[in-house]
Amino acid sequence: MGASAVPGVRRSARLMQELPVAKRERPVTGERPVAKREKRREVPDTKREKAKAFATAAHASTAREASARADGVELIVGCDEAGRGPLAGPVVAAACAFSPGAEPIPGVGDSKSIADEAEREALYEQIVAAPGVVWSARVVSAARVDEVNILMASLEAMRLSIVDVLGASQRRPATALALIDGPFSPWKEGEKYVDFQQPQPPSDVALQVEPIKGGDAKVYCIAAASILAKVTRDRLMRRCAAATVGWRAACSTSLPPPRRLFLSATPAVRGPFLRRRYAELWPEYGLAEHKGYPTARHVAAIAKHGATAIHRRTFAPLKAQELPPPSADELRQIEAIEAAAQAKEGTP
């Protein structure tokens, strides 16, 4: 019997020749040798490269906007929110409309898929500088979240931002389509939602609303809105614009005037608060790091130091503590900071 033969098994010489060497020389007993698999693709070395690769792969499509324009819709607005899950801070919604024929910005996709904060910031700057873009970011406070619940607060921010965009142009469109991330229209129908319908779209604009589940990863203008909302909220949590509220100042952009940045708040809340940051007001909570989300560090800080004025009292674990609402002075301070972070831009 040859060295390669095994009792009870017959193998032809031709078969033995065709078998790979690793199989022909496999020992009869003992563990099988495992061949190393070849790498199928190069793996990015850095976090930024990984984020860029993911964002490029998840690049949102302009197909829905193109289809709507082919049907004669004059203005297509994408809308998304950021900040539904945190224990602290506001919820922010942004709406965004690009001019027809505008070149898509590479890498624009669902903001949650862009792990690198610097990457999101860079995309934000490209979006707001795009020729002809009209956008708005609206901030709804944690106090309002506690008052009406997070869903209603999110839809309220969406309504505000969409109406901003619809009314931003002197040349108002006759027809418009609002593409919404998620399953709900901001103007949610039903008897229990009758108190949550304001503001209404302009009466001279025929607006259609189309909710799209996962729209921030599929539809370009929704993806852009998701980045605007996310970056606006992140900046608010870690640093607020050092601006004087109540002024109307021209933006430094390549677009012709009167493209403007609007900041609005009551004169009573102007002052040094606008130069403060949530992370600076409450450094022990690490807000610049987690942006108010329920990380282990954040939950531990709440347990040690208690809740701040921007913590959501209707969210666990704070809900069980039955905490009093923020004071009037605290609410004015928060109003000033959030008003400074709230912006809208448009072209006539």
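# A walk through a predicted chain

Alanine 341 is buried, with a relative accessible area of 19%. Buried means under 20% relative accessible area, exposed means over 50%, and partly exposed is in between (1.4 Å probe, protein chains only). The model is predicted: local features need pLDDT of at least 70, side-chain atom pairs count only at pLDDT 80 or more, and totals for chains, interfaces and linings use all residues. Residues are numbered from 1 along each chain as its sequence is written, and side-chain values use heavy atoms, with hydrogens and water left out.

Alanine 341 is found in helix α13. Helices (H or I, at least four residues) and strands (E, at least two) are DSSP runs, numbered from the N terminus. Leaving aside neighbours within four places in sequence, alanine 341 is in contact with Thr232 and Leu236, where contact means heavy atoms within 4.5 Å. The C-alpha atoms of alanine 341 and threonine 232 are separated by 7.0 Å, while the two residues are 109 residues apart along the chain.

How far can the model be trusted along its length? The predictor's confidence in each residue is called pLDDT and runs from 0 to 100. For this chain the mean pLDDT is 77, and 70% of the residues reach 70 or more. Over residues 38-44 pLDDT stays under 50, and the model has three contacts beyond four places in sequence for them.

The aromatic rings come next. A pair of aromatic rings is described by the distance of the centres and the angle of the planes. Rings of Phe, Tyr and Trp (its six-membered ring) pair if their centres lie within 6.5 Å; planes under 30 degrees apart count as stacked, over 60 as edge-to-face and the rest as tilted. By this rule the count comes to two aromatic pairs.

Tyrosine 124 and tryptophan 135 form an edge-to-face pair, 6.1 Å centre to centre and with 75° between the planes. Here tyrosine 124 belongs to helix α5 and tryptophan 135 to strand β3 (residues 134-140), eleven residues apart. Tyrosine 124 and tryptophan 135 are both buried. The charged end of arginine 235 sits over the ring of tyrosine 124, 4.3 Å from its centre. A charge sits over a ring if NZ of Lys or CZ of Arg is within 6 Å of the ring centre and within 35 degrees of the ring normal.

What about the cysteines? A disulfide is a pair of cysteine sulfur atoms within 2.5 Å, and by this rule the count comes to zero disulfides. The sulfur of cysteine 96 is 7.2 Å from the closest cysteine sulfur, in cysteine 221, which is too far for a bond. Cysteine 96 is buried at 0% relative accessibility, and cysteine 221 is buried with a relative accessible area of 1%.

Helix α12 (residues 296-305) has His298, Ala301 and Ile302 buried. Seen down the axis of α12, the buried residues fall within an arc of 100°, so they line one face of the helix; the arc is that of the directions from the helix axis to the C-beta atoms. An α-helix has 3.6 residues a turn, so residues three or four places apart point the same way. On the other side of α12, Ala296, Ala303 and Lys304 are exposed. What covers the buried residues of α12 includes α11 (287-290). Just after α12, glycine 306 takes a positive phi of about 85°.

Some backbone angles remain. Most residues other than glycine have a negative phi, and most peptide bonds are trans. Asparagine 149 has a positive phi, near 90°, and lies in the loop between α6 (142-148) and α7 (150-167). Lysine 291, in the loop between α11 and α12, has a positive phi of about 60° although it is not a glycine. The peptide bond from glutamine 198 to proline 199 is cis, with omega near -5°, and proline 199 lies in the loop between β4 (175-181) and β5 (206-212). Another cis bond runs from alanine 316 to proline 317, with omega near 10°.
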